Amino acid sequence: MELTSWFYNSMETQLKGRYISSEHILPLFKIYSEKSKISTIGSSEMGKVIPMITIGNGKKNVLAWSQMHGNESTTTKALFDFLKFINQREFLQSEIETFLNGYTVHIIPMLNPDGAAVFTRENANNVDLNRDAKNLSQKESQCLRQIFDNLKPDLCLNMHDQRSIFGFENGEPAAISFLSPASDGQRSITESRKKAMKHIVKMNRFLQKVIPGKIGRFDDGYNENCTGDSFQKMNVPTILFEAGHHDQDYSREKSREYLFYSLLALFEIVGDHKQIDYSAYFKIPENQKNYRDIIIRNIAYEEGQSNIDLAIQYSEILKDGTIQFIPKVDEIGNLNHLFGHREKDAKDLEISDFKKLLNNSENLIDIVSKI
């Protein structure tokens, strides 16, 4: 059976789209309760439970968490796809057995259930949990730190979504990005960073066969308030995962697939794991903020002036349990330095009154619908 075939036929179908809350994932824990250890490790500021699932019985101890930012759900979907794959009995059984005997993996699928419920980055107190590693002012941050201290993991996986603005100089979008966070302001290449880099090289090596040229590396500027930087500073190899965007995958179902492959490669269930050199990490292109959702080119704004471009970004709004993508004007001018996930020449859109378009959201939505 081909890996891609398994994914499309057997992925966790109970999780779809961008809006994933506690109500979506809690029923899934019952599926794994007989074969895995399910525990409640704490509660959110609003009293929602924070569950954790543990698989494997090996010496290598891994701690993974997702939806630290409540509106970043793609990695949550990928983690449940991974769990489902580990529990199937038709494919790569020898590799799965080796993984389970070598690793013990503790997965927190949703660290920020309050933010997830209302589709916000922050928690119920409007605190970004990924900037709370030093102060530990929130229950969710305290919960993660306590688990970290208790488990003493050999590897941490900090799993997120990145915005659709990231791409590379050659015009390719960043579909998936990774980072081995810095542990100090000098961005020293410590042993823990090297270990994280080697894991990233493994994942990148496999992903290049699937989405060549679309894997990026995040900037490694140090921030002592960030969780990954904090754990790396304590000499625990930590990997930042970022589900990105390409084509018109606004539901992030393709990114979900690529993250699923990343996890299989990380744990050496698939891929080539020989001769991994950490320095290959630096050959992965660094993300640039050079993409926008839509760019309209060559708009005749005022008579006698050069034509201009208009960049549009979507605002993601939760309404009636679904995410609506509302176009908003992001930038106006000469935007030759930017790429659009969709681009259109203004002549093809018959924009007669550009100023009116800017002042009327309904007109903007109408134009976008024609692109």
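Select tryptophan 65 to begin: this residue stands opposite isoleucine 108 in strand E4. Tryptophan 65 also stands opposite asparagine 158 in E5. Before moving on, note that this is a predicted model, where local features need pLDDT of at least 70 and side-chain atom pairs count only at pLDDT 80 or more, while totals for chains, interfaces and linings use all residues. Residues are numbered from 1 along each chain as its sequence is written, and side-chain values use heavy atoms, with hydrogens and water left out.

Next, select strand E3, residues 60-66. Strands here are DSSP runs of at least two residues, and helices (H or I) are runs of at least four, numbered from the N terminus. In E3, 6 of the 7 residues are buried, meaning under 20% relative accessible area with a 1.4 Å probe, protein chains only.

Now show helices H3 (residues 74-87) and H4 (residues 93-102), whose axes come within 9 Å and cross at roughly 110°. Axes are lines fitted to C-alpha atoms over the stretch in contact, with angles from 0 to 180 degrees between N-to-C directions. Colour Phe82, Phe85 and Ile86 in H3, which meet Ile96, Phe99 and Leu100 in H4; contact means heavy atoms within 4.5 Å.

Last stop: lysine 202 in helix H7 (residues 191-207). Is this lysine 202 buried or exposed? At 6% relative accessibility, lysine 202 counts as buried.

Definitions and conventions:
Buried means under 20% relative accessible area, exposed over 50%, partly exposed in between (1.4 Å probe, protein chains only). Two strands pair if DSSP finds at least two bridges between them.
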